[in-house]
Amino acid sequence: MARPPSRRPGHNRKAQYSLFASYVVAMTGAAVGLLLVVVAIFDPTGFAAIRIATAEVTRPASLTLKNMVSGVASVDEVLASFWRAGSQNVALRRQVENDRNRIIEAKAVAQENLRLKKLLKLVEDDGSELLTARLIASSSSSTRRYARLNAGRWQGVRPGMPVRAPEGLIGRIHITTPNTAEVLLLTDTSNIVPVRRANDSVPAISTGLGDGTLEIRALAAGRNPFKPGDLLVTSGIGGVYQPNIPVAVIVRIEGEIAYGVPLANPSKVDAVVVERSFEETVTRSDANAPVEPPIQPEAGANASVDAPPP
Amino acid sequence: MIDPHMQHVPRLGRHPSRFRLAGTPVITVMLGSLVTTLPVIAQSPVMPPFGLLLMLSWRLLRPELWRTWIGVPLGLFDDIASGQPIGSAMFLWTVTLIGIDAVEHRMVWRSYRQDWLIAAAAIIFCIAGGVFFARITGGGNIKLLLVAPQMLWTVLLFPFVVRQCARIDSWRVMA
């Protein structure tokens, strides 16, 4: 096949000018685009206002679809469990037998706890929980990992607030619009979370890798203290996340770096909980302390290792 | 009118509306960009950029349809929908369109395979450029290997998308 007809307009002067003008417009547009990217280097949330309209308009569509196909994300898991149904059944039954005794013990402990707390007149509710909402969409074609939350500024969500599921940490609020909010997921390459090992408080920093896993670097110099199977929880350093939210479990060690998998899978959790930032909760509960402004959602702001103010 | 039942059949001498002729391609590309509103909470960049695929399909299918500046508004819309820094697709799509124009002058023979080759180069350029822009705007250390699967199946998906585009196109020009 020969090539398609040329776009060259021949001797028609008007057509020539029109073609030239279209290239000028295109070049200018591309330059403006580049300029916007350069602006975004210095101010990553600067053009959030432009996204508001789309986020608001597409919210009903996403929400309806979410209600219709909430199970679609776990198709692979369903297939895999069919494959291993027999052996899994035996293993699970054994596990249930083992767990039954543990549950009875735990219930006894919980009851004892309740009794002791009553004795001490401790208040369990720390008022950090703001609301429960669902994740309705995500930036599935981009390399950045954002998810869209079905609650926004009118519901009291503010940038920087931590988002968690019952299983563990999901991420934190990046941008808010009136009825939706963008959540920077734990696995985003710019989301840095201060963590510690659950059983002995070895401090570390978790950074997303963008592919569903996390890179864990220990803060202590020397040999890598982690081994596969270690459980990581938030340390509360930096003042964004409450301490002791489960974050990840370590699966692989490579030299100084450990790789972890998040405990909460955003595609499978039913609903997520938006919490007030830890610092806000701490300062608010103390009536004498001056109220601190909420943490700015700067990239890596929670990586700073300042202790929250007393 | 000889037979009123024949009205829906395409016939000579009747023209589709201007909105259908000019609007259909733009609307399909925008719908492609809006695929991200599907309720899939992705853990890695897995979804092919359908907006880009549709734009390339229309451009290669109908070279006379758009001037190169169409990449600016369509790219801006894709940026708003996709979560990339605003301006990234605006720049990359327009540069891609200018590049296709430049290549088209130099190619003597064109067929389906050359179209696919051009589209593959454009897809790799746009995805890699998107990674670069995400990295410099505070995205942390993103490895190019992370988007390799996305690049692969976006390139493999191109023939299918072109076929669907051609189907829509035959509806578009029918009266």
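Analyst: Let's begin with contact: two residues are in contact if their C-beta atoms, placed from the backbone, lie within 7 Å. This is a predicted model, where local features need pLDDT of at least 70 and side-chain atom pairs count only at pLDDT 80 or more, while totals for chains, interfaces and linings use all residues. Residues are numbered from 1 along each chain as its sequence is written, with chains lettered from A and ligands numbered from 1 in the order in which they are written.

User: What makes chain A and chain B touching partners, and how many residues are in contact?

Analyst: By that 7 Å rule, 57 residues of chain B are in contact with 52 residues of chain A. Helices H3 (71-82), H4 (88-106) and H5 (112-139) of chain B each supply at least two residues of the touching side of chain B. H4(B) gives the largest share, nine residues.

User: Which classes make up the side of chain B that touches chain A?

Analyst: That side has 33 nonpolar, 20 polar and four charged residues. Here Ala, Val, Leu, Ile, Met, Phe, Trp, Tyr, Cys and Pro count as nonpolar, Asp, Glu, Lys and Arg as charged, and the others, Gly among them, as polar.

User: How do you know how many helices and strands chain B has?

Analyst: Helices (H or I, at least four residues) and strands (E, at least two) are DSSP runs, numbered from the N terminus. Chain B has six helices and zero strands, so by that definition its elements run α-α-α-α-α-α.

User: What makes a residue of chain B count as buried?

Analyst: Buried takes 20 or more other C-beta atoms within 10 Å of its own (12 or fewer is exposed, in between is partly exposed), with C-beta atoms placed from the backbone. Of the 175 residues of chain B, 45% count as buried.

User: Why do strands E1 and E2 of chain A stand at the edges?

Analyst: Two strands pair if DSSP finds at least two bridges between them. The open sheet of seven strands runs E1-E13-E4-E5-E6-E3-E2 in chain A, with antiparallel pairing. E1 (129-133) and E2 (135-138) of chain A each have a single partner strand, so one side of each lacks a neighbour in the sheet.

User: How do you know that E3 and E6 of chain A pair?

Analyst: E3 (residues 146-149) and E6 (residues 181-185) of chain A share four bridges in the antiparallel sense, and the definition asks for at least two, so they pair. Across that pairing, A:Tyr146 stands opposite A:Leu184 in E6(A).
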